Amino acid sequence: KAAAHLVRLIRDNDYHIGTGFPGTPFVLFALADKSTLFLDEIYEFPYHLQGKLLHAIDDKNYTPMGSSRPVSSDFRLIAATSRNLPELVREGRFREDLYYRLNVMSVTIPPLRERRDDIPFLVQNVLCSINKSAGTQTAISPEAIERLKRHTWNGNIRELKNILEKLCILSDGIRITEKDLLLLPEFAPGN
């Protein structure tokens, strides 16, 4: 998760924002120069560091440790969350100013269980990616796709990817069938 990675970099990296803030992750802003930085599950970013993140977003620069000169980074930021940020703001767990800075444009994507018609496209897309990285050509039967469409998908796209990776391992390597799905506890009879 990006927020956890950012926090880890805050502890381990040699960059800081402003005076006296050693070890911040804003090297990621430098890496995102002239491109897009995606921060997943932004709600996980610790409250006590959200102000520093806000300043980095606003100023679009960071100062390397030991330097007095800020380094600019021209990046576009996309932040995502599965949580209700306005509620977290009300609870005092997410900074209101950071929320408004991030919420320039909001896009709500319904959970996968509410977009079952997207599943065949997503399955083909994920399988293509798995096949490319594994050097395979595993396909999936229409019956298996129909069974996937009936699943509850509490884990959304991450769960779909995980299940497809398992199925690629469990199948004959040529075609994932409904029978292969039944080997997984999530799809066992009665579930």
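Helices (H or I, at least four residues) and strands (E, at least two) are DSSP runs, numbered from the N terminus. By that rule, the protein has nine helices and seven strands. This is a predicted model, in which local features need pLDDT of at least 70, side-chain atom pairs count only at pLDDT 80 or more, and totals for chains, interfaces and linings use all residues. Residues are numbered from 1 along each chain as its sequence is written, and side-chain values use heavy atoms, with hydrogens and water left out.

**Whole protein**
- Of the 191 residues, 40% are buried, where buried means under 20% relative accessible area, exposed over 50%, and partly exposed in between (1.4 Å probe, protein chains only).
- Contacts are heavy atoms within 4.5 Å; among those between residues at least 6 apart in sequence, 64% join residues at least 24 apart.

**Val107**
- Val107 sits in the loop between α5 (96-102) and α6 (119-134).
- Val107 counts as exposed because its relative accessibility is 64%.

**Positive phi in two loops**
- Glu41 is in the loop between β2 (35-39) and α3 (47-59), and its phi is positive, about 50°, although Glu41 is not a glycine.
- With 5% relative accessibility, Glu41 counts as buried.
- Trp153, found in the loop between α7 (142-149) and α8 (156-170), is also a residue other than glycine with a positive phi, near 55°.
- Trp153 has 0% relative accessibility and therefore counts as buried.
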